[in-house]
Amino acid sequence: MADLWKKKAGYSLVPTKGEVATSLGHGYPDHLIWASLGVAVFAGAVGLYGGYQFNLTGYIASASYGKQTSVEVLGGILQTFFIPLSAMATCFFGYHSYKSNTFDLRLKLFLYITLLGASIALAAWDLVAMPTDGLLSCMVWLCIFDSAEQDGLVGALNNEALLYLAVCVVFAAMFLGLGVLTLQQIRRENDGSSDAQAQLLDAAPQQPQMAPAAAPRSGKMVRQVLAFGVFFPVIILLCLSLPDLWKYFTEYRIESYAAETIGDSYGEVWNWEVSDRLVLKLYPDILAFYLFLYTVVVAGWLSQVFPKVVGRFFAHRPKWARGVCVGEGVLVLLFAGLLAFQGTYWYYDHCFDRDCSKEAPEKLARTMGQLANCVAGLLTLPASRNNIFSETFNVSWEYTMKFHRWLGNLILAITVFHVLFWIQAEGLGVLSLPAPSYHSDDFTVPLASITTFFAFIFLGLGTREVVRRTKFEIFYYSHHFALVFFVMMLWHALSSWYYILGGLSLYLLDRALRFTRGLSRVSVEGVAVYGADITEIKYTVSGGGRGPWGKDGRVAHTMGQYMFVNVPAVAAGEWHPYTLSSAPSDGVSSHHIKAMGPGSFGARLAAWAAALPWDQPLPEVVVNVDGPYGTPLDYGRYEAVVLLAGGIGVTPAVSVFRELYLRAKAPGGARGGPRRVRLVWAARGAAEQARAFADTFRRVAEDSLDGTFGFEVFDTALKAGQKGYGAVGARSGDEEGGAAAGQKGKGKEGYAVPVRPGRPQLAEDVFGEGGLGQAACTPGSALVFACGPAALVDAADRMALEKGIDFHKETFLL
């Protein structure tokens, strides 16, 4: 384990006594792990009891759908709310108990074996106690080719049994895997051998080694083929062959529906007879939904195959569009067309319950519900971190998140109209309570009403931008209520499954991938604090962050990518995205994390770092990471590149700047890269903060490779005429200049980074001779990369648009 870097002479962060008191722990907060286990057990018991009352009493079990009792209604609500809560708490316990450095290994193993047995026992109870038919044994779709008789069962019990079984299988696999990994650790401990992963990390090269110029495309193509050539076609096949309503998910109903030819009693439908046992049925809404998806996908593929024609066309930003590119406009128009078609179909063509004479308010209410289903089916697609659509369009995940935010706001708005039209259809007052007999034969109505009320609190208010910036943990955990909301939608909207199934399955797969990759062991090599509010963390990761089975000890990232970082001693439940400030060719990964105000994660992290024993070797601290994420740019196709940064936005810029320099500097250097690279950085207190990147600045100052590389650092706190230097004292053992305790040898002379006062002049320092130079006059040969405050980025964006220069911006609004 590397030693802790010493405090710098100019160290100015003075944490409060309370901050230091809460930051003295360097290991895991085990009390939170035990608390999560308690929540999982309690919520699971409440949810299972509610499910027992709901499923095994008269309303569902009799399949009569008569009036349900208050106990049955409450049971369904408790099940819907508490089972997802138990599942989330169980995942939290499993992950953090395994990663804890203070949890006893044998206690871990005992708990994992116990919970594995509980998962198996619950699965057995599910198979024995739930009165299901042969749907589970024939795996749903294969029931089409069975011979079954009507047994009077209702699809609700089959759906419940499938969901419980799926959850039990997932958790059984999780605890089995964690148990095996823990057993391996115990065996290594008993053998007296050191951790194999630690040996691998200690042997990891600390000197720069050239990273590949571009990420391999083979894996990317395989994922896209699996998603759009296998996964979504299977989902479409299920939509064409299974009943559209979950209440018909019984062995007999699936078999009879598959062989049936549907007439026009529901509206337009196309039948294709495959055999006497299978007739595929295509409804217009299914056709429109998946046609929209594949149209978008094909457009993304064409952009990648023909980047100079199709790609540049979609990336073009007309001046009159105020920065919106053609691709975004086309996507919005396609989506508007999808909603218009769906609304028209459901209102004018579809006959709800085979009744085409329903009154307008009820038809509008039902139409709004179907539009909500359609939007919900798209909602999770851009939200997955391992986003197949990001790869398809070669855009970053944070870029796609704005569409997720738009869709989230839209579904809440549609829900409001859905409720208002139902109030009008039923003759209810807006503030009046419905009569006791209102929808007494539909258990999903009270469930939907209560869930929607809480959805507007958690998803409507808890996810606002002001909450994200001031109370990130509330913002983060409020999103988890979406799982409850989706479960409610699957119950309440009987045909919503063929919209939601694809996106929700990919999202859950994404969470599983993130869980397994996050099990990689992170070895913290050093912690430092610069200036008043910037904390640096350096680390290596077993398996390169690919999971406990990986072999490469370095995070295989590309320039400008980022990781999600979790420091349990600071906030066990918070994951924050931070750019990798290290170059891909560096031997270790690093982040520079700025405190964004009192009480923020960055401020608490700095206080935690300040409380570390600086005069002793670095204790074993735990940091968890997930990533890398972010879509790389092809810098090699440009003649000139300017990296414009404001404040802590310098982290992606310096990563790109350093990597391009290391490649060009290497023997037989990558001279195919840009011929002119400039880093322009402005920050308040830059004279102090520049110390964090002194090694990069020093290298370029000593050898700019015939003027290919250059940098300008501006300190906005300095006035005109003042001079500033990012002075760095003698250092040893740290390639960015940090003193290392316990190391011997004379430190290399410090480098004073020259700092200019004020702010950069975009016309000269970025787009003029000081920046892009003559390349700004040639279309497509220059790129401005910007990251920082919105005012700086927007000003550069407008100027790039006016001059017709390619522009890329990074954002921290995740």
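Analyst: Happy to! pLDDT is the predictor's confidence in each residue, from 0 to 100. Helices (H or I, at least four residues) and strands (E, at least two) are DSSP runs, numbered from the N terminus. This is a predicted model, in which local features need pLDDT of at least 70 and side-chain atom pairs count only at 80 or more, while totals for chains, interfaces and linings use all residues. Residues are numbered from 1 along each chain as its sequence is written, and side-chain values use heavy atoms, leaving out hydrogens and water.

User: Which element has the highest mean pLDDT?

Analyst: The mean for the protein is 80, with 82% of residues at 70 or more. Among the elements, helix 1 (residues 17-21) has the lowest mean, 40, and the highest, 94, belongs to strand 2 (residues 278-282).

User: What is the strand order in the open sheet of 3 strands?

Analyst: Strands pair if DSSP finds at least two bridges between them. Strand 5 (residues 562-566) is joined to antiparallel strand 6 by 4 bridges, with Val-565 opposite His-576. Pairing in the sheet is antiparallel, and the order is 6-5-8.

User: Why is one side of strand 6 and of strand 8 left without a neighbour in the sheet?

Analyst: Strand 6 covers 576-579 and strand 8 covers 624-629.

User: What span does helix 20 reach from its first C-alpha to its last?

Analyst: Helix 20 (residues 497-517) has 21 residues.

Technical notes
The expected span of a helix is 1.5 Å times one less than its number of residues.
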